[in-house]
Amino acid sequence: MPLPIQKRGPTLLETYDPRKHGGQIGLILGNMGSNKTWHLAGVLSKAKHSGVEGLNFTHSKDDRDDVGSTGHIGSRGCGGIKIPALITGGAQNMYDQVLEYELKTGKRVRLVGADELQFFTEGLRDVVLALTHDGSRTFLGASLDRDFRAREYPHVAELARFAG
């Protein structure tokens, strides 16, 4: 049976308001089947419907045939939810796509969402810190916290030190 996501009072994910939060990093970590993606997609969907300019990403290694490989962040759990996402090959590519979008549209991306962070092995911390450093963008991500041998994903654990 999956363990529930542990809570310690209101989190950024529960209280996210783009007018008040910027430059923050929020992570949803847990084991398989703990509805991490469902929580992430819910927050990203709420932000979009509130008019927040955002981009959502999933890694090209996410081969779940009903979501990742089709360019969506989505979950079958809790009734299912699916939101559009750009497929990316890594953290640097995600960063480049955010900047390219801003140049093309003239709009500032306020919220960057990413699912399956365990696949973003190279440069994840540096990219997320670069995206959030000026306080105008918030990053929200979901990831497995450990592999099948119960070992932490080092790049996810490193990023978690900066999460609020």
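**Reading a predicted fold, strand by strand**

Q: Which residue in strand 7 is the bridge partner of glycine 113?
A: Strands of a sheet pair through backbone hydrogen bonds, either parallel or antiparallel. In this model, which is predicted, the bridge partner of glycine 113 is leucine 140, in strand 7. That pair belongs to the pairing of strand 6 (111–115) with strand 7 (138–144), which is in the parallel sense and extends over four bridges.

Q: What are the other pairings, and how many bridges join strand 1 to strand 7 and strand 2 to strand 6?
A: Strand 1 (25–30) runs parallel to strand 7 and is joined to it by six bridges, with isoleucine 28 having alanine 142 of strand 7 as its bridge partner. Strand 2 (residues 54–59) runs parallel to strand 6 and is joined to it by five bridges; phenylalanine 57 stands opposite alanine 114 in strand 6.

Q: What is the order of the strands in the open sheet, and which are the edge strands?
A: The open sheet has five strands in the order 1-7-6-2-5, with parallel pairing. Strand 1 and strand 5 (86–88) are the edge strands, each of them pairing on one side only, and from one strand to the next the twist averages 20°.

Q: How many residues of strand 7 are buried, and which lie on each side?
A: In a regular strand the side chains alternate between the two faces of the sheet. In strand 7, Thr138, Leu140, Ala142 and Leu144 are buried on one side, while Phe139, Gly141 and Ser143 are buried on the other, so that both faces are covered. Seven of the seven residues of strand 7 are buried, and it is therefore largely enclosed by the rest of the structure. Strand 1 is likewise largely enclosed by the rest of the structure, because five of its six residues are buried. For the protein chain as a whole, buried residues make up 43% of the 164 residues.

Q: Which residues of helix 4 are buried, and why are they on the same side of the helix?
A: An α-helix has 3.6 residues a turn, so residues three or four places apart point the same way. In helix 4 (residues 124–132), the buried residues are Leu124, Val127, Val128, Leu131 and Thr132. They are on the same side of helix 4 because they cover an arc of only 120° around the axis. Their cover includes strand 1, helix 3, strand 6, strand 7 and helix 5 (154–160).

Q: Which strands does helix 3 lie across, and at what angle does it run to strand 2?
A: Helix 3 lies across strand 2, strand 5, strand 6 and strand 7, and its direction is at about 155° to strand 2.

Q: Is serine 136 buried or exposed, and which residues does it touch?
A: Serine 136 is found in the loop between helix 4 and strand 7. Because its relative accessibility is 15%, serine 136 counts as buried, the cut-off being under 20%. Leaving aside residues up to four places away in sequence, serine 136 touches Gly23, Arg108, Val109 and Arg110, and a polar contact of 2.6 Å joins its side chain to that of arginine 108.

Q: Where is leucine 40 found, and what relative accessible area does it have?
A: Leucine 40 is found in helix 2 (residues 36–49) and is buried, with a relative accessible area of 0%.

Q: Where in the protein chain is confidence lowest, and where is it highest?
A: The protein chain averages a pLDDT of 79, and 75% of the residues score at least 70. Confidence is lowest in helix 1 (residues 12–15), at a mean of 48, and highest in helix 3 (residues 91–105), at 93. Over residues 1–13 the pLDDT is below 50, and in the model this stretch has 23 contacts beyond near neighbours in sequence.

Note on methods
Residues numbered from 1 in each chain as written. Predicted model: local features only at pLDDT ≥ 70, side-chain atom pairs only at ≥ 80, totals over all residues. Heavy atoms only, no water. pLDDT = per-residue confidence, 0-100. Helix = DSSP H or I, 4+ residues; strand = E, 2+ residues; numbered from the N terminus. Contact = heavy atoms within 4.5 Å. Buried < 20%, exposed > 50% of the residue type's maximum accessible area, 1.4 Å probe, protein only. Arc of directions from axis to C-beta. Polar contact = N/O pair within 3.5 Å; in protein donor to acceptor, adjacent residues only side chain to side chain. Pairing = 2+ DSSP bridges. Axes fitted to C-alpha atoms, helices over the stretch in contact; angles between N-to-C directions.
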